[in-house]
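Hi everyone, thanks for coming. I'd like to walk you through one structure today, starting with where its chains meet and ending inside one of them.

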Amino acid sequence: MLKQIGQLLDGISGASVTLQATNGAGRHFELLVIAEIADELHKRGYQIQLISSDGIRQSTAVGPLVYRQRGGAPAPVPAASQGANGPTSIRFRSPVTGQEWEIWNGVEFEGRSGGHHEFDVAIVPQGLASAVRTTGGSPLGNGWVSIECKHVADAASPDEARALIARIYDTTILTGHCHHFRPKYLPARIYPPDPALPGYGTSATTFRERNVAGYAALVRTTGFSTGAAALADGYFIIRHGSIAIGSAALSAFRSEIADWIDANL
Amino acid sequence: MVNVIPRVRQLVDLLAERGFTPLAAAILRGLDQGVLLPSEERAFETGRSSGQSSRLHEAERTWRPGTREEQAKFVSDIVFDQLIEPLRMRQRSAELLSGIMGAEVTIENLGPESELLPFDRDAASNVIDEGTNLVEALQRWLAAEDEGEVP
């Protein structure tokens, strides 16, 4: 039996180097979440594009389409000058407003403390995304959508919710903070790393206002402990549990976030 | 109760020899926990003061040693979660992105050294099939009473 298992492993290892390098299913789950969002938006008439890390839109007229997913530790956005081999982002254009946005995966954002925080999935204005790529680095603030993805066997602990709440808190730039960080410019929700550039979006006056207006979510393959649910709900963090391929929970998540995007972006 | 841990250690060696180090590490973490299984999960109130309930409820999990079959399932579930499920999710992501773009989209991972690790959808289909066989074989092997006990 041991020999048979060894042979099966030999066959698998020969066919997929990705599996040997991957550190669990976390990144795969994050990409699944992103692809499901993009698919739902596409079905609703949004135009979807793949943007290479050099800022260039991919096209079959130029070459094969590739989605490169960041591996290893979270990192800032690489500068466009570093080339196209960095992580890919997905750009979408609203069929109603014409506004363009980008879906980022595993990017670090800078908080008011100066600390950096990764959001597994974030949606930011296309203009900000381009400005960040000009120099590379982490934007100051957070996105309109911030999602933490968890592919784990256990229910979410209160600490998991606390961690997301803390990340959102530190990266929330209120009107009162703006004069401290970017005194030259009007208050904004998020700023490129280059202090010479203006920000994007409208700043909120209170944390509650920002939490209510944004879309922050915990998206998990399993559920939530009572404590985690109470914390998340108290800070308007949306909870989506039992997410699996083809599940009703996944369909509900797709519909909800696309409805939010329809209404807000 | 028969402990399957000696066989699990052989499995960890097999995985590590073939470069599946994250998966081997995940199983070792299971061993560190003694391959114990949750027996019940219940909510209890914390931070109680003066007889008043706290607003926060934490989940408490109690643990007990698993039966041989349960331990075998515990380990083979880890293998499924870490080996097959990621591939199924990659397959689905590739299908969705290709459908959106109207052309084949290749997914590549950026490895630890920024090397590009391509994802081959056709190869993945075979791996998923073989992986399913592997999990079934593992569960049988770990749970089997015969074939000689590993000292």
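When I say contact, I mean heavy atoms within 4.5 Å. Please keep in mind that this is a predicted model.

With that in hand, let's look at the interface. Chain A brings 59 residues to the contact, and chain B brings 56 residues.

What about the polar side of things? Between chain A and chain B there are nine residue pairs in polar contact, both residues being at pLDDT 80 or more. The salt bridge count between the two chains is two. One of them links Glu36(A) with Arg92(B), and there the closest N and O atoms are 2.9 Å apart.

Which parts of chain A touch chain B? Elements giving two or more residues include helix 1 (2-15), helix 3 (26-43), strand 1 (47-51) and strand 2 (65-69) of chain A. Which of the elements gives the most? That is helix 1 of chain A, with 11 residues. If you sort this side of chain A by class, you get 28 nonpolar, 22 polar and nine charged residues.

Now, a feature I enjoy: strand pairing across the two chains. Strand 2 of chain A runs parallel to strand 3 (residues 105-110) of chain B, and the two pair over five bridges. Find Tyr67(A) on your screen, and you'll see that its bridge partner in that strand of chain B is Ile107(B).

Strand 1 of chain A is mostly covered, with four of its five residues buried.

My last stop is Arg91(A), which sits in strand 3 (residues 89-93) of chain A. Is Arg91(A) buried or exposed? Its relative accessibility is 10%, so Arg91(A) counts as buried, the cut-off for buried being under 20%. And what does its side chain meet? The side chains of Arg91(A) and Glu102(A) are joined by a polar contact of 3.2 Å. Beyond its neighbours within four places in sequence, Arg91(A) is in contact with several residues, among them Gln47(A), Gln49(A), Trp101(A), Gln126(A) and Arg133(A).

That's my tour, and I'm happy to take questions.

Methods
Residues numbered from 1 in each chain as written. Chains lettered and ligands numbered in written order. Predicted model: local features only at pLDDT ≥ 70, side-chain atom pairs only at ≥ 80, totals over all residues. Heavy atoms only, no water. Salt bridge = Lys/Arg side-chain N within 4 Å of Asp/Glu carboxyl O. Polar contact = N/O pair within 3.5 Å; in protein donor to acceptor, adjacent residues only side chain to side chain. Nonpolar A, V, L, I, M, F, W, Y, C, P; charged D, E, K, R; others polar. Pairing = 2+ DSSP bridges. Buried < 20%, exposed > 50% of the residue type's maximum accessible area, 1.4 Å probe, protein only.
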